[in-house]
Amino acid sequence: MLSKNKTGWLLLSPTILILALAGLLPFIYVLYVGFFQWNPLAVDPSLQFEGFASNYRRLIFDEVFLESIWRSIKFSVVTLTIELSLGFILALSLLSSFPLKSFFRSVHTLPLVIAPIVVGSIFKLFTVQGLGPLPHILKDYFGYTLNYGLNADQAFWMIVIMDVWHWTPFVTLTLLAGLSALPQDPYESAKIDGANNFQIFTYITIPMMVPVLIVVIFIRLMDSLKIVDEVWMLTGGGPGYATRFTGIHIWKEVFEKRYYGLGSAMSILYLYITIVICWVLYSVMVARGKNED
Amino acid sequence: MKTKKTFSKIGTTFLWSLLTIITLFPIYWMVLVSTRTPVELFGKPDLSPTFFQKVHWKNFTKPFLDGIYADYLFNSIIVATSNAALVTILALMATYALSRFKLPGSESIFFWTMTNRMAPPAAFLLPLFLLFSTVFKFGDFTLFDTKIGLILLYCVFNLPFAIWLLKGIIDGIPKELDEAMIVDGANLFTIFRKLIIPLAAPGIAVTSLLSFLFAWNEYLLASTLTSVYARTIPTGLSEFVTTTGTNWGTMAAVALVSMLPALLFLFAVQKHIVAGLTFGAVKG
């Protein structure tokens, strides 16, 4: 008979083993490769050491890389703002009753389960020049030319629209879950005290929703910082660098140009930035939780 | 007062109708494209539901009966099913250990598993590619371009998720029940079979379905770590972009087929999907 703790570790060991091999080991490996110059297609395809942190020094002055990070952050903030405001309105509206509500909610859940790459395909078919109905409709009724294959701004905002289409349902339904779990007493006393709807919203709903809001922001931010699939399908990162987010940039540098060393350093910096943002939000969450106790 | 209420009801219904159209219109267009010949797609887009009169079945039969997409579909089914099964079993064991044993550092282990899900996969593409193709080498066998490689790899993001989802459920089963069974001389296997699995069945079902869905939908890692033999449906879909003169009808058909499991799940576990995707975090 095994001792109790040994049984516990035994049950846990396959999980730890897989996560260590496929999660931790790649991290250590990429950290190691990041210190070397390595291009398997070069004359000398071995790892070359060119001074400590030479890749990192290069990256700090690499405008394309820095711009891709800035672009990812900008994209995340823009989509988060739109999705959060839209999602909150929709979640509030779902609290009241109106005809066909459950049908509408079911349809709203649909984009959530569709693969990002399929969402990219759907939007490509819908908006591509020559085939898609959207450019035609915009041209015929509004006189607006949509061609995100050439126009950088349109490409960026097209990705934003696609992301909003894909992920607003998630925000709506999570906030709805949070809203339905709120205690009813504060609302009743506020009504007795004669507060109007706006006051109830700003002084009761919002403060009570803060924990849920932070969770939603956290999850959405992490996801939109790592966006690749949809963008790759719709614009391929173009035109120019217009939609080249960090994930796509790393992919192109590593698998098209074969800059293994530089790509590793980029991966590490990318991870680092994600972790910092994650950590800041996490501290806010924890601080918030302590205040409440 | 009453008119005001009716008014807001009409407004809300109108808003949601509009939203439903925005959600469904692109999908409807994809279905239309998948049923038409290239000639029919030429020129001004025709939005009428022509699939009631005529379906160009070749868009479906060409990739899935004659083409390599049948293999891709087969690979996707194998990878997603095996991954879901593996993840569910491992997560059940791990969650039970985290929930019932006072292991030193189990909190940190729990947190560490979560960080695996948060990390951007693009940052791990290169090391995984190198590890798969050169480092994990057993004779001639490498993990690169194998289904087993993908199955193991998808555990990295599915296991943390499954553990998170199951933790709340297993914590909710009273400890006294397993203690009573241990007193009666039951071993661990019996506890799982007679107590944990029956009581956590709905949670286990949702966990495995969502794991399946995530594995089915995954694109970036599959496209990097496979080349010929283990390609999945999402990677096949992306191949349409690079080829010149895209055959839109076929692309729409492949996209539609790869969407089917998602649609089936939507009907099966609609309520749980949201709870699952939020990581059960709203509760805490």
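Chain B of this predicted model averages a pLDDT of 84, and 92% of its residues score at least 70; pLDDT is the predictor's confidence in each residue, from 0 to 100. A contact here puts the C-beta atoms of two residues, placed from the backbone, within 7 Å.

Now for a helix pair. The axes of H4(B) (residues 69-100) and H10(B) (residues 201-217) come within 8 Å and cross at roughly 140 degrees, so H4(B) is oblique to H10(B). Axes are lines fitted to C-alpha atoms, over the stretch in contact for helices, with angles from 0 to 180 degrees between N-to-C directions; oblique is what remains after under 35 (roughly parallel), over 145 (roughly antiparallel) and 65 to 115 degrees (roughly perpendicular). Residues that meet include Ser76(B) and Leu92(B) from H4(B), and Phe212(B) and Trp216(B) from H10(B).

As for the two chains, the contact takes 73 residues from chain A and 71 from chain B. Helix H1 (residues 4-33) of chain A supplies the largest share of chain A's side, 17 residues. The predictor gives the complex an ipTM of 0.87 and a pTM of 0.88.

Residues are numbered from 1 along each chain as its sequence is written, and chains are lettered from A in the order in which they are written. Local features need pLDDT of at least 70 and side-chain atom pairs 80 or more, while totals for chains, interfaces and linings use all residues.

How values were computed. Helix = DSSP H or I, 4+ residues; strand = E, 2+ residues; numbered from the N terminus.
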